[in-house]
Amino acid sequence: MGRGGGVTLIIASLAVSLSIVTWSAGDPSLTFSTGGRVHNLLGSFGAIVSDLLLQILGFATVPAMIAPLLWGIDLVTDERVAGYRTKAALYPISLLALAGALSGLTAPPSWPLHHGLGGILGDVMFNAVAGIVAYVNPARADLVTLIVLAGSGLSALAASVGIEPRHLEAALWPARPRERPSG
């Protein structure tokens, strides 16, 4: 894919991120027909892309742009993405798990979409996992599902962008200089 592919990934990630940040529920899109003015900074295309992504993945769309952006940077700087197959396999898993976790949260009354905060896929994922967990502990199924999906999603996202446990350990517990024995 090389540097050109990296530049393309970076531009696409930034463009989709910009369309999401400037999303408006009142913008005309495939799911909302209106003759009103488009508020999205990327115009009608941005309004459609952001609306579809938010309908499908909800707020999981926000971290969804991290991996392609970082992969694009890797391609520009190194002309390859180390461990790409593993990262690419974990990426959709992370998005589904994060969307499911977000669907486990209560949407505020002002949430304009018909689905939860994790979109359509998040609602499906949360309900499927909660249904399985309910066989073991029906009283805590929603809470356990939320925790499992959030932990799984964050772990898979970290791995899909190349963050390994040793990186987290180094960030959380920086190495201290060793003391020299006296004497």
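From the N terminus on, the elements of the chain run α-α-α-α-α-α-α-α. The model is predicted: local features need pLDDT of at least 70, side-chain atom pairs count only at pLDDT 80 or more, and totals for chains, interfaces and linings use all residues. Residues are numbered from 1 along each chain as its sequence is written, and side-chain values use heavy atoms, with hydrogens and water left out.

Visitor: How many helices and strands does the secondary structure of the chain come to?

Guide: Helices (H or I, at least four residues) and strands (E, at least two) are DSSP runs, numbered from the N terminus. The count for this chain is 8 helices and 0 strands.

Visitor: What percentage of the residues of the chain count as buried?

Guide: Buried means under 20% relative accessible area, exposed over 50%, and partly exposed in between (1.4 Å probe, protein chains only). The chain has 183 residues, and the buried share is 36%.

Visitor: How much of the accessible surface of the chain belongs to carbon and sulfur atoms?

Guide: Accessible areas come from the Shrake-Rupley method with a 1.4 Å probe; for residues, only the protein chains shown count as cover. The surface of the chain comes to about 11200 Å², and the share of carbon and sulfur atoms is 66%.

Visitor: Which elements do the buried residues of α1 pack against?

Guide: Helix α1 has 20 residues and reaches 29 Å from its first C-alpha to its last, close to the 28 Å expected at 1.5 Å a residue. The expected span is 1.5 Å times one less than the number of residues. Buried residues of α1 include Gly2, Ile10, Val16 and Ile20. Their packing partners are α2 (43-57), α3 (61-64) and α4.

Visitor: Which elements do the buried residues of α5 pack against?

Guide: Helix α5 also has 20 residues and a reach of 29 Å from first C-alpha to last, close to the expected 28 Å. Among its buried residues are Lys87, Tyr91, Leu95 and Leu98. These and the other buried residues of α5 pack against α2, α3, α4, α6 (119-133) and α7.

Visitor: Which residue forms a salt bridge with Glu79?

Guide: A salt bridge is a side-chain nitrogen of Lys or Arg within 4 Å of a carboxyl oxygen of Asp or Glu, and a search of the whole structure finds 1. Glu79 lies in the loop between α4 and α5 and its partner in helix α1 (residues 2-21), so the pair ties together parts that are 76 residues apart in sequence. Glu79 counts as partly exposed because its relative accessibility is 44%. The closest N and O atoms are 2.6 Å apart, and the partner is Arg3.

Visitor: What is the phi of Glu79?

Guide: Most residues other than glycine have a negative phi. Glu79 is not a glycine, yet its phi is positive, at about 60°.

Visitor: Which residues form one aromatic cluster?

Guide: Rings of Phe, Tyr and Trp (its six-membered ring) pair if their centres lie within 6.5 Å; planes under 30 degrees apart count as stacked, over 60 as edge-to-face and the rest as tilted. The whole structure has 3 aromatic pairs. One of them, Trp71 with Tyr84, is edge-to-face, at 5.6 Å centre to centre and 75° between the planes, and it links helix α4 (residues 66-78) to helix α5 (residues 84-103). The cluster consists of Trp71, Tyr84 and Tyr91.

Visitor: Which residues is Thr145 in contact with, leaving aside its neighbours within four places in sequence?

Guide: Thr145 is found in helix α7 (residues 141-160). Its relative accessible area is 0%, so Thr145 is buried. Contact means heavy atoms within 4.5 Å. On that basis the partners are Phe126, Val129, Ala130 and Val133.

Visitor: Which residues does Leu105 touch, not counting residues up to four places away in sequence?

Guide: Leu105 lies in the loop between α5 and α6, and at 39% relative accessibility Leu105 counts as partly exposed. Its C-alpha is separated by 9.4 Å from that of Asp142, 37 residues apart along the chain. The residues touched are Leu117 and Leu146.
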